[in-house]
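Here's a walk through this one, with the sequence and model to hand.

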Amino acid sequence: MSAVAVEEVTKQWGETRAVDGVSFTAAAGSLVVLLGPSGCGKSTTLRLIAGLEAASAGRIRIAGRDVTHLPPARRGIAMVFQSYALFPHLTVAENILFGLRVRKVPAAERRRRLAKVAGLLGLERLLERKPAQLSGGQQQRVALGRAIIAEAPVCLMDEPLSNLDAQLRHEMRREIRALQQKLGMTMLYVTHDQSEAMSMADQVILLRGGRIEQDAAPAALYDRPATAFAARFIGTPPMNILRSADAGVLLGIRPEDIVLAERGDVAARIGAIEYLGADSTVTCMLGGETVLARVQGRVGLPAGAAVRLSWPRERVHLFDAATGRRLDDTMSPPPAAAQELGERVAAAAGG
Amino acid sequence: MRRFEPQIQGWLLLLPAAVLLVAFTHYPAVATVWHSFFSTARGGRAAQFIGLDNYRDMMDDPVFWQALRNNAVFALGTIPVSIALALLMALWVNGRILGRGMLRLAFFTPTVLPMIAVANIWLFFYTPGYGLIDQLGSLFGLPEHNWLGNRDTVLGCLIVVTVWKEAGFFMIFYLAALQQISPVLGEAAAVEGAGRWYFFRRVTFPLLMPTTLFVLVNAVINSFRLVDHVVAMTKGGPDNASALLLYYIYDVGFRFWDTGYAAALTVVLLVILAVLALGQFLILERRVHYQ
C-alpha cells in the first residue's frame, strides 16, 4: 500500500489551474521529490496534500485513508515550511513541543521525545534559546525537529533548504536524507533545485504548468527523459536540443556526451570556454546553433578556434518537435539522424 | 579650538528644537512644581511661599477626592473595554470577510471625528424624551430617563462615549500588528492541530504584547487627559458626579483663577501618570517579546 496516493487532483483559482489532474503515488518509507520551475504547481500540490488548500477535484489518500476533506491535523502529516514558521516568542524547546502540547501528550512522554529529537538534530544546547538567537541552519533544524517529534508517518517539506547558503544546503541535504532513512518516514519534498532532487530522491516527480511531465527514479529521469522539457531541466549544463532537417524531430545530446576531436562528424567554432576546475563547459557555434560541450579539465584552445565534434550515436535522444515527447522509447536513434545533422550544419557553414 | 567645532555645530543644530521644548514643555513643568508651593496672587497681594499648604488643602478638599475617584472609575471603565473591543474588531477586520475595507473605515470613523462633534452626537442620543436612546426605549415601553442629569448614570454615559471614540483608534494599532504576523504561523499551528482559540492564546496574543503595552500606556494617559467631552456634555455635573481630575484642574485654574492650587493639582496628576506608566513598563516589559 502506498503511503500517499494523489488521484486526478486539480486546484483551480478562477480560470487558472495551478494543479491540473495530477496523479502519483509515494511508496511508504521513500523520499519523493516534487520538482519543477517556479509556478509549476509543486508547492500547491504539497499544500493540497497537507490540507492547507482544498482540492477543486480529485482525491488524496494517506495510508489508504481518504483525507481529501479532512483538516491538516487529522491527516497524519507533519510539515516543514520554507520560512520555517517558528514561533518567535517561544523557545526552541517550546517550538518543538508545540504540537505535543496541543495534543495534550503527557509531560513525561514530551520530555522523552524532546530529548530524543534534540539528540538526533544536535539541538541539546540550544533548547532555551529563542529563534532570533539562532543561525539559519539551526532554525532549519528546529523546524525539522518540530516535524519529526510528531512521529507522523508522512513528512511534507516545502523548499526547506532554499534560505540556506550553498555549503549548509549540501550538509542539510545529506542530513535530511539520512534522517528520513533512519526514521523510515515517507517524505514528500518540494524543490526547484534539480541537483537536490537528483541527490536525495527515490522518486522524482517533475511538474510543469500544473501537470506531471515525468514521474521516475532519478537515473531514469536523467537517462531517458520523457520530454524535451525534462531533458533540459535535469543536468548542468542542460541537454542540447537541436532542430533537425526533419522539422518534426528534435535532437537531444547531453554536453558530456560530446567529444571535441581532430576528427569528428561536425565542424564547429569555439565561442567561449568556462573553466570549472574538474571540467570545462565549451560553447560551440555550429552554424546558427549553439551547442554546449562538457569536457574534462582544461581546454587548450582559444575562443574562435575551429574544432570538430562527435558523439556516440546511441546517446542521441529524439523528441517530437510538436509535443516535445520522446520518440525513440524502444529503438535506438536512426543513424541517419546524426548523420543528417552534420550534413545540414556543413551546408549551413558552406553557404 | 578646531576640536570643538563639530560640537558647536551639533549644539547649534539641536538649538531650535531644544528652545521650543524648553519653552513650552520643560520650563512650564518645572514652573508648575515651583508655583505649587506658592499662594495665588490676588488683587494687591503678591504670591507668597506657603510650602506644602496647597497639598494639605488638597487632602481636605472633597471635590478633589471625588474627581480622583471619578477618574479611577472612568479609567477602569474605559481602558479594559476599549482595548478588548479594539482587539476584537482588529481580529475581525483582519480576516477575509466581505466589505472589509468598509468595516475598517466604519470602526475608525469615531477617531477621525472631533471630540466636540462626537459629544454633540451623543448629547442627542442621551437627551431625555426625544433622544435616540429614549426613543428606542419607548418602543419597548421603557420610561424616560435623564441619562446625563442623574448622578448614577452620568459617569457611565461618559465612559460609553470614550470607549466608542477610543476603540477604533486602538484597533488601527492592533490591525497593523496583526498584519506583521506571518500567516505561515497559522498554517504551522493548523498542521499541529491547534484550534483558533489555542492559537490566539499561545501565539497571536503573546506576539501582540508590544502593541498591547503601547496601547495600554496610551489608554491610561488618555483616561486622565481627555476632558473635551466633559466640557461639552456635563461640565462635571451634576454635583461633580462627572468631574474628572483634569477637568477639576481646569475649573480651579481658569474659572476660579486659583492658579497656585491648580498647579498643585497638576503636579499630583503628573505624578499619578508617571507612576502608572513606569509601573506598566516595569511589570509588563518582562512579559513582552519584541521581534
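The model is predicted, so local features need pLDDT of at least 70 and side-chain atom pairs count only at pLDDT 80 or more, while totals for chains, interfaces and linings use all residues; side-chain values use heavy atoms, with hydrogens and water left out. Residues are numbered from 1 along each chain as its sequence is written, and chains are lettered from A and ligands numbered from 1 in the order in which they are written.

Strands β14 (residues 266–275) and β15 (residues 279–286) of chain A run antiparallel, joined by 6 bridges. (Strands here are DSSP E runs of at least two residues, helices are H or I runs of at least four, and both are numbered from the N terminus; two strands pair if DSSP finds at least two bridges between them.) They belong to an open, antiparallel sheet of 5 strands in the order β13-β17-β14-β15-β16 (chain A). At its edges stand β13 (259–261) and β16 (289–296) of chain A, each with a single partner strand, so one side of each has no neighbour in the sheet. Neighbouring strands here are turned by 50 degrees against each other on average, direction ignored; axes are lines fitted to C-alpha atoms, for helices over the stretch in contact, and angles run from 0 to 180 degrees between N-to-C directions.

## The six-strand sheet

Chain A also has an open sheet of 6 strands with mixed pairing, ordered β6-β7-β8-β3-β9-β10. Its edge strands are β6 (77–80) and β10 (211–216) of chain A, each pairing on one side only. On average, neighbouring strands of this sheet are turned by 20 degrees, direction ignored.

Strands β7 (residues 154–158) and β8 (residues 186–191) of chain A run parallel, with 5 bridges between them. Val154(A) has Thr186(A) as its bridge partner in β8(A). Packed on the sheet is helix α5 (residues 166–183) of chain A, which touches β3 (31–35), β7 and β8 of chain A, its direction making about 160 degrees with that of β8(A). Contact means heavy atoms within 4.5 Å.

## The nonpolar cores

A nonpolar core is a set of buried Ala, Val, Leu, Ile, Met, Phe, Trp, Tyr and Cys residues joined through side-chain atoms within 4.5 Å. Buried means under 20% relative accessible area, exposed over 50%, and partly exposed in between (1.4 Å probe, protein chains only). The largest core has 84 residues, and Val4(A), Phe98(A), Leu156(A) and Leu188(A) touch the most other members. Helix α3 (residues 62–94) of chain B gives the most to this core, with 10 residues.

Leaving out residues up to four places away in sequence, Leu188(A) touches several residues, including Val4(A), Phe24(A), Val32(A) and Leu156(A). Apart from this core lies another, of 48 residues, with Leu134(A) and Met200(A) among them.

## A buried glycine

Where does Gly253(B) sit? Its place is in helix α12 (residues 245–255) of chain B. Gly253(B) is buried, with a relative accessible area of 3%. Beyond neighbours within four places in sequence, Gly253(B) is in contact with Asp258(B), Thr259(B) and Ala262(B). Its C-alpha atom is separated by 13 Å from that of Ser39(B), 214 residues apart along the chain.
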